[in-house]
Amino acid sequence: YKRQTTAPWQWGTSYVNAIEVWCRSWRAVPPIALDAFVPEYHRRRQDKLIYSISRAATAGSLSANGQAAMFWDFETTRGLRASPIAGSLSSSPDVPLGKPVTYVFAREKSVAGILEGLRLGRTFVTASKEGPIIRFAADEGRDRSYDVSIGGIIPLNKETQFTVQAIGAKDAK
């Protein structure tokens, strides 16, 4: 009997509430090669890889973070509602804590509030506590009252003004 093990990204995404798209400095984590996946993830249809994680793994010179962000983008485009998260993986004194960092807009400052914010998609990631910071707001009905923030739901067929503000962005980018 030979036990076959799989990595978490090979379990599927039906149970996922968040995907880590940034770990440590952007280029610090080496990319994952397609060869690291079980044979199922090498499957192709019309000569194209069918799994989004496999496509991300073959996307050229991206770091693992770039691959993870690409995977998250592929999956959210297909309908996955998972929050992007970041972590410093600071188990070593050589890795600074809080670089990068995840911001969660929560109803209350508690474990339950933060977990609810994650489940509702109310997150964004940034390089550090010093920023940059992004504010998202939507004025549903265009009455000058911003009623929906990041992770909120806007009804279809309702005129909405959407605003994104970058605060502390280097060179205003």
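This is a predicted model: local features need pLDDT of at least 70, side-chain atom pairs count only at pLDDT 80 or more; totals for chains, interfaces and linings use all residues.
When neighbours within four places in sequence are set aside, P132 is in contact with F124, T126, I167, G168 and A169. Its C-alpha atom is separated by 24 Å from that of N17, a residue 115 positions away along the chain.

## The largest pocket

The largest pocket has a volume of about 590 Å³, and 33 residues line it, with W72, P84, T123, F136 and I150 lying nearest its centre. Two or more lining residues come from each of strand 1 (18–23), helix 2 (64–77), strand 4 (83–87), strand 6 (123–126), strand 7 (133–140), strand 8 (148–149) and strand 9 (160–167).

By residue class, the lining of the largest pocket comprises 22 nonpolar, nine polar and two charged residues.

## The nonpolar core and I19

The largest nonpolar core contains 16 residues, and those that touch the most other members are I19, F37, Y41, I53, F71 and A82. Strand 1 and helix 1 (52–57) each contribute at least two residues to this core.

For I19, the contacts that remain once neighbours within four places in sequence are left aside are F71, W72, L80, A82, S83, P84 and I85. Among these contacts of I19, F71 and A82 also belong to the core residues that touch the most other members, while W72 and P84 are named with the residues nearest the centre of the largest pocket.

## Helix 2

Helix 2 consists of 14 residues and spans 20 Å from its first C-alpha to its last, which is close to the 20 Å expected at 1.5 Å a residue. The buried residues in this helix are A64, N65, G66, Q67, A68, F71 and E75, and what covers them includes strand 1 and helix 1. After helix 2 comes G79, which has a positive phi near 115 degrees.

## S54 in helix 1

S54 is placed in helix 1 and counts as buried because its relative accessibility is 0%. Leaving aside neighbours within four places in sequence, S54 is in contact with L34, Y41 and L49, and of these contacts Y41 is also one of the core residues that touch the most other members.

Technical notes:
Residues are numbered from 1 along each chain as its sequence is written. Side-chain values use heavy atoms; hydrogens and water are left out. On a 1 Å grid over the protein atoms alone, a cavity is a set of points where a 1.4 Å probe fits but cannot get out, and a pocket is an open set with protein on both sides within 12 Å along at least five of seven lines; lining residues have an atom within 4 Å of a point. Grid points are joined across faces, edges and corners, and a volume is the space filled by probe spheres set on the points. Helices (H or I, at least four residues) and strands (E, at least two) are DSSP runs, numbered from the N terminus. Ala, Val, Leu, Ile, Met, Phe, Trp, Tyr, Cys and Pro count as nonpolar, Asp, Glu, Lys and Arg as charged, and the others, Gly among them, as polar. A nonpolar core is a set of buried Ala, Val, Leu, Ile, Met, Phe, Trp, Tyr and Cys residues joined through side-chain atoms within 4.5 Å. Buried means under 20% relative accessible area, exposed over 50%, partly exposed in between (1.4 Å probe, protein chains only). Contact means heavy atoms within 4.5 Å. The expected span of a helix is 1.5 Å times one less than its number of residues.
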